Structures are given as C-alpha cells and as structure tokens.
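Notebook open, structure on screen.

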Amino acid sequence: MRRWIGIAAAGLVFLSAGLFWGLKSQQTTVLTVGVYAGSYWETPIGDCYQILDDAIALFQQRHPDVRVEYASGIPTDSYSEWLAEKILRGTEPDLYFVMPEDFNLLASAGALEQLDGFMAADSDFDSSVYYAPCLQAGVFGGGQYALPHESVPTIMFVNKTLLEAQGIPLPDNQWTWEDFYDICARVTDVEKRQFGVFGYTWLNALYSNGASLFSEDGESCYLADDKIQSAVQFAGELDNLNGGYTVTPRDFDLGRVAFRPFLFSEYRAYQPYPWRVKKYSSFEWDCVCMPSGPSGGNVSELHTMLLGISSRSGNQALAWELMKLLTADETIQNELYTYSHGISPVQRVAENREAMEMLMGDIPGGSGFSPGVIRDIMTTAVSAPQFERYNQAMIMAESAVAESGGQNQQSRILTAQREINIFLNQ
C-alpha cells in the first residue's frame with residue numbers, strides 16, 4: 001500500500017510540475033527574428049550575431065516574459081529565398097532584416113507593416129536621429145515600412161601607387177568630373193594594359209550630377225533629361241579612353257587601374273593588416289568621395305540594410321520595441337564599428353568621437369574621412385527609388401542606354417522614355 005501511495009504522490013508531483021510549466025509557457029511570448037549569417041557587404045567579420053544577441057539581452061531585461069528566437073546559419077546569399085519561402089507559408093518571423101534589393105518587392109506585396117502609426121504614437125521615438133537618406137531608404141509609396149539598421153555609401157578607390165608613378169597627386173574630396181577625366185586620360189596606356197577606371201557607370205555619374213531617373217511616386221521617367229544625358233555621355237567618354245578594351249576586375253586587382261567605385265564597407269574591411277595584404281597587396285590605395293558633375297556634388301549611392309515588421313505578426317508592438325533597440329539605441333548602434341563595416345544611420349553615433357576613433361583605427365592612413373566628410377557623405381547620399389515597378393523600369397532604362405552606345409541619341413532616348421512611362425502607368 002505504501003508503494004502505491006508513493007507512486008501516486010510522485011505522479012501528483014510530476015502532474016503539478018507539468019501544469020506549472022505549461023502555464024508558464026503559456027505566459028511566455030515568443031518573438032521571432034529573421035536574420036542572415038555573415039556580412040551582406042561581403043566583407044570578413046567575426047561574430048555576425050553579436051549585435052543582435054546584445055540587443056536581445058537588453059530587450060529581455062525590459063521584457064522578462066518574452067523569449068526572442070532566431071534561426072542561425074542562414075547564408076547571406078540564401079536569405080532572400082529563405083524569407084520568401086517563409087512568407088509564402090505564412091510562417092515568416094515577427095521582425096526581420098530586409099536586404100536593399102528586396103525592399104520594393106516586400107513592401108509592394110504587403111509583407112511589411114506600415115510603421116507610421118507606431119512612429120506617431122511612440123513618444124520615445126524620434127525619426128530625426130537618423131540621417132534623412134537612410135530613413136528614406138525604408139519609404140514606399142509615401143509610407144515608412146522599414147527602419148535603417150546599417151548604411152554603406154559608394155566611394156572611389158584610388159590606386160596611389162599608380163598615380164605616384166605618373167606624378168599625379170591624390171585627388172581631394174571636392175574633385176570634379178573634369179579632374180577625374182584628366183587623371184584617367186593621363187594614366188591610360190592601352191599598350192601597357194594600364195587604365196583609368198573600372199566599374200564607373202552612367203548611374204554613378206547621374207547621382208553626382210544632381211539628377212533623378214524617376215519621380216518619387218514612380219510614375220515618371222526622366223531618361224531624356226539633360227543632366228542624365230550628360231552623365232551617360234561622360235561615362236561613355238571615359239570608356240572611350242580604353243580604345244575598345246574591356247577593363248576587368250582582375251586588371252584592378254593587379255594594380256593596372258587608377259580608380260574603381262566600391263562600397264565604403266570594402267574600404268573599412270581591407271585597409272587594415274592582414275586583410276589588406278590578402279586583398280590588394282600589389283599596390284598602395286586609399287579612397288575619396290565620388291567626383292562631382294557640373295550640375296551636382298560629390299554625391300554617391302547609399303545602400304541601407306533595413307528592419308521590417310511582418311504585416312501578419314501577432315506581436316507587432318513587441319517587434320517595434322526590438323526594432324527601435326536595433327536601429328536607434330546608441331549603445332547597440334555603436335557596436336557596428338566593432339562587428340561590422342558599415343556606418344551607423346544614427347547621426348550622433350556616426351559622428352561622435354568614440355565612433356570616429358574606431359573608424360580611423362580600422363582604416364590607417366585614411367585621413368580623408370573626418371567627421372565632417374562622413375556627415376557630408378551621409379546627408380547628401382542618394383538611395384535608389386522605392387516603387388513597385390522600379391526593377392523592371394531600371395532594366396528598360398539600362399537597355400536603352402546600352403543600345404544608344406553611351407551616346408546622346410535623342411530620338412532613341414525619347415522613345416525609351418515614353419515606353420518606360422507607359423509601363424509605369426499601366
């Protein structure tokens with residue numbers, strides 16, 4: 001009898017424990033986050049989850065009844081497909097990172113929750129903490145659908161060794177198209193397989209010439225605009241210096257090319273030893289802002305990693321709180337300078353003394369990037385337009401420019417502009 005009483009007592013203990021943990025699990029809210037492994041900027045980094053883990057730890061201190069979970073090990077180049085599959089199945093995370101090239105599609109498909117209501121109702125949130133171009137990267141159709149987590153502008157790599165061999169000083173951050181063309185012309189020697197620039201396109205020129213290819217609402221294309229055609233012509237003139245030779249990335253890597261547009265993250269990652277030696281060991285190099293066109297400034301394209309909330313999430317209020325931590329908390333944003341290679345979209349972080357010391361520590365010899373220069377780059381940078389048919393319209397515009405041979409063939413360009421406008425307004 002005592003044996004059966006003991007078994008029954010043990011059963012009651014296990015039952016009580018089960019009920020306790022069952023009730024406890026019902027009280028615990030699980031918030032899910034979508035994140036990729038590695039660096040979106042394709043640069044070597046250490047612990048790719050450290051920033052997220054630190055934000056989660058801080059978040060859970062404030063919300064002890066919430067457990068935050070994320071799936072680790074999703075490669076960067078597979079993340080978009082992974083997220084799309086989750087959305088199709090209706091199992092997407094509550095909060096997820098949005099790659100720049102995916103934002104238009106996700107916003108237009110209704111996968112992202114509009115954030116304007118959260119922003120207006122939250123007295124602790126101030127959108128002015130971000131650089132305006134970074135915040136604009138998350139705008140679609142006039143509404144805010146994502147917040148910026150990390151930004152990277154485009155800058156110009158300069159082969160210092162090649163310029164010094166030609167007796168040419170390093171250009172400063174206020175240089176112009178005229179300066180750029182002059183240096184490229186002096187450096188180019190087709191017989192020696194030595195060239196001025198690789199990878200500079202009419203789009204790079206467009207941004208620095210004060211032009212916009214599309215209207216903000218995505219209903220009009222301005223391909224025939226004089227500023228844009230000047231950009232197309234300038235890029236064509238640079239290409240003509242090569243005498244029909246197609247300059248390749250290998251030419252640049254071997255030290256045969258003076259200039260190449262690159263992301264700022266590449267500059268930060270590959271300036272310090274030993275990565276500098278592994279990547280570009282045959283020449284000394286530095287970076288400057290993009291050259292300015294006659295109607296523009298030293299402006300470049302901005303790439304921004306975003307965070308968005310699922311429109312189907314049942315935990316949107318909690319997702320908003322974690323999103324604020326990841327994108328606006330200065331302590332968390334400061335960690336970008338330790339665990340990543342971008343620039344914080346938060347102005348106070350990007351320009352404060354501690355952050356600049358970290359930045360300059362990463363890029364020895366890069367004295368050209370002071371707080372003032374960083375401010376100028378980030379406040380004037382331009383993000384690609386955000387509207388539903390942008391990708392296809394961009395393909396049409398690039399095709400038209402390619403068919404024109406980089407020349408100002410007015411009739412062909414006007415026809416292409418009309419075709420794109422018809423497409424945009426269908």
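I started with D251, which sits in helix α11 (residues 249–253). A note on names: helices (H or I, at least four residues) and strands (E, at least two) are DSSP runs, numbered from the N terminus. Before going on, I wrote down that this is a predicted model, where local features need pLDDT of at least 70, side-chain atom pairs count only at pLDDT 80 or more, and totals for chains, interfaces and linings use all residues. Residues are numbered from 1 along each chain as its sequence is written, and side-chain values use heavy atoms, with hydrogens and water left out.

**D251.** Is D251 buried or exposed? I found it buried, because its relative accessible area is 3%. The cut-offs: buried is under 20% relative accessible area, exposed is over 50%, and partly exposed is in between (1.4 Å probe, protein chains only). Not counting residues up to four places away in sequence, D251 touches Y245, T246, R256 and V257; contact here means heavy atoms within 4.5 Å.

**P100.** Next I went to P100, in the loop between β3 (95–98) and α4 (103–108). P100 has 21% relative accessibility, so I put it down as partly exposed. Which residues does P100 contact, leaving aside neighbours within four places in sequence? I listed Y40, T304 and M305. I also looked up Q386: 286 residues separate it from P100 along the chain, yet their C-alpha atoms are 9.9 Å apart.

**Helix pairs.** Two packed helices are described by the angle between their axes and the distance between the axes. The axes are lines fitted to C-alpha atoms, for helices over the stretch in contact, and angles run from 0 to 180 degrees between N-to-C directions.

**α2 with α14.** Helix α2 (residues 50–62) and helix α14 (residues 316–328) cross at roughly 130 degrees, and their axes come within 10 Å. I therefore call α2 and α14 oblique to each other. For the labels, under 35 degrees is roughly parallel, over 145 roughly antiparallel, 65 to 115 roughly perpendicular and the rest oblique. On the α2 side, I51, L52, A55, L58, F59 and R62 make the contact, and they meet L318, E321, L322, L325 and L326 of α14. I sorted these residues into nine nonpolar, no polar and two charged. Ala, Val, Leu, Ile, Met, Phe, Trp, Tyr, Cys and Pro count as nonpolar, Asp, Glu, Lys and Arg as charged, and the others, Gly among them, as polar.

**α20 with α21.** Last, helix α20 (residues 390–403) packs on helix α21 (residues 410–424) at about 170 degrees, with the axes 10 Å apart. So α20 and α21 are roughly antiparallel.
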